[in-house]
Amino acid sequence: MIPILCLVQEGQIAPSIGEDLRSSLDQIAQDHLGSTAGINWVEVEAGSGFTEAKPSTSSLVSIQSDRMLSQDERISIMQKICDSWIEKTECSINEIVASVNDPAAREG
Amino acid sequence: MPLYLCNARNGSIPPEAKAKIAKDITDIHCAKTGAPPTFVHAFFFEEAPQPQLGDSTVQLHGNIRAGRTDEQKAEIVQEMRESVARHSGIDLSEIAMTTADVPASWVMEGGDLLPEPGEEEAWLAAHAAKLAAEAAG
C-alpha cells in the first residue's frame with residue numbers, strides 16, 4: 001500500500017471528480033510503484049487554507065514511495081499527477097503541487 | 001512548498017486570526033529564506049491526526065526545501081510560534097513547531113521541479129516565460 005496524502009480546498013472539487021482523481025492516483029501507484037494506493041483525502045475547511053497569504057485554491061498531493069526512485073521515475077509520477085488534476089478539475093498548472101518522497105523522508 | 005500545517009485544539013485559534021497568522025507565516029518564511037511568497041502554503045486544522053498535537057494546544061509543522069541553515073530554521077520556528085501566540089492569545093509555551101527538509105527535486109509546482117534555494121528568481125522568470133509561450137500557442 002502506497003500512502004498518498006491529498007490536501008484539497010473545501011468545496012473546490014466535486015465528489016464525483018474527487019472519486020476520479022483517487023482512481024487516477026491508485027492507477028499511478030500501481031503502474032509506477034507496483035502497489036495500490038492508501039489515500040488520505042483531506043479537505044481544508046473554507047477560510048483555513050492560504051497560498052501566498054490569500055485564500056488558497058491549491059491542491060497538494062504527496063506520495064510516500066516504498067523504495068528509492070530515480071529522478072526520471074519521480075518526475076514521471078509527478079507529471080502524471082499534475083496532468084490528471086488539470087484534466088479532471090480544470091485547475092491551472094499553478095494550482096497543483098505534487099511531491100514524491102523516498103522512504104528516507106518518512107517522518108516519525 | 002513550503003507547506004506549513006497548523007493543527008490546533010478546537011476553537012483555540014479564532015477564524016479571523018488565521019489570515020493574520022498565514023500572512024505572518026508567509027512574510028517570515030520569505031524574509032528568512034528569500035523564497036517568493038507564491039510558494040508559501042499555510043493550512044489550518046483542528047484536532048487533526050497530523051501534525052500530532054501531543055500535549056500542545058497548537059502544533060505547527062513546516063515542510064520546507066532542504067538547504068536552509070539551522071539558524072534560519074530556528075528563527076522561522078521562533079517567529080511563527082510568536083505569531084500564533086500574538087494572534088490567538090495562546091501562551092507561547094503551548095505552541096510547538098517542527099520542520100522537515102524536503103529536497104527541491106522531489107516537488108513539482110507549476111508543472112516544474114522546484115528550484116534549489118537561491119535559484120528562485122531564475123525559476124520564476126523561466127516559469128513565467130514558459131506559461132506565456134504556452135498561452136501564445
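The structure is a predicted model.

**Stop 1: chain B as a whole**

The C-alpha trace of chain B spans about 50 × 30 × 25 Å along its principal axes. Of the 137 residues in chain B, 52% are buried. Among contacts in chain B with a separation of 6 or more, 76% are made by residues 24 or more positions apart.

**Stop 2: the helix α3 of chain B**

Select residues 120-136 of chain B, which form helix α3.

Next, show the side chains of B:Glu120, B:Trp123 and B:His127, which are buried in α3(B). Look down the axis of the helix: the buried residues of α3(B) fall within an arc of 60°, so they line one face of the helix. The covering of these buried residues includes β3 (58-65), β5 (107-109) and β6 (112-113) of chain B. Now turn to the face of α3(B) directed away from the buried side, where the exposed residues B:Glu121, B:Ala122, B:Ala133 and B:Ala136 are carried.

**Stop 3: a loop of chain B**

Move to the loop between β2 (41-46) and β3 of chain B, where B:Pro51 is found. Most residues other than glycine have a negative phi, and most peptide bonds are trans. Select B:Gln50 together with B:Pro51: the peptide bond from the former to the latter is cis, with omega near -10°.

B:Glu47 is also in the loop between β2 and β3 of chain B. The phi of B:Glu47 is near 50°, a positive value in a residue other than glycine. Is B:Glu47 buried, exposed or partly exposed, and what is its relative accessible area? B:Glu47 has a relative accessible area of 39% and is therefore partly exposed.

**Stop 4: the helix α1 of chain A**

Select residues 15-33 of chain A, which form helix α1. α1(A) has 19 residues and reaches 26 Å from its first C-alpha to its last, close to the 27 Å expected at 1.5 Å a residue.

Show the side chains along α1(A). Its buried residues are A:Gly18, A:Leu21, A:Ser24, A:Leu25, A:Ile28, A:Ala29, A:His32 and A:Leu33. Viewed down the axis of α1(A), the buried residues fall within an arc of 140°, so they line one face of the helix. These buried residues pack against β1 (2-9), β2 (37-44), β5 (59-64) and α2 of chain A. On the face of α1(A) turned away from the buried side are the exposed residues A:Ser16, A:Glu19 and A:Asp31. Just after α1(A), select A:Gly34, which takes a positive phi of about 70°.

**Stop 5: two helices of chain A together**

α1(A) passes α2(A) in a right-handed crossing. Residues making the contact include A:Ile17, A:Leu21 and A:Ile28 of α1(A) and A:Ile77, A:Ile81 and A:Trp85 of α2(A).

**Stop 6: two loop residues of chain A**

Select A:Ala53, in the loop between β3 (49-51) and β4 (54-55) of chain A. The phi of A:Ala53 is near 65°, a positive value in a residue other than glycine. At 22% relative accessibility, A:Ala53 counts as partly exposed.

Last, select A:Ser58, in the loop between β4 and β5 of chain A. A:Ser58 has a relative accessible area of 4% and is buried. Which residues are in contact with A:Ser58, leaving aside its neighbours within four places in sequence? They are A:Leu7, A:Gln9, A:Gln12, A:Thr51, A:Asn94 and A:Glu95, together with B:His41 and B:Phe43 of chain B.

Key:
Residues are numbered from 1 along each chain as its sequence is written. Chains are lettered from A and ligands numbered from 1 in the order in which they are written. This is a predicted model: local features need pLDDT of at least 70, side-chain atom pairs count only at pLDDT 80 or more; totals for chains, interfaces and linings use all residues. Side-chain values use heavy atoms; hydrogens and water are left out. Helices (H or I, at least four residues) and strands (E, at least two) are DSSP runs, numbered from the N terminus. The expected span of a helix is 1.5 Å times one less than its number of residues. Buried means under 20% relative accessible area, exposed over 50%, partly exposed in between (1.4 Å probe, protein chains only). The arc is that of the directions from the helix axis to the C-beta atoms. Contact means heavy atoms within 4.5 Å. Axes are lines fitted to C-alpha atoms, for helices over the stretch in contact, and angles run from 0 to 180 degrees between N-to-C directions. A crossing is left-handed if the near helix is turned anticlockwise from the far one by less than a right angle, and right-handed if clockwise.
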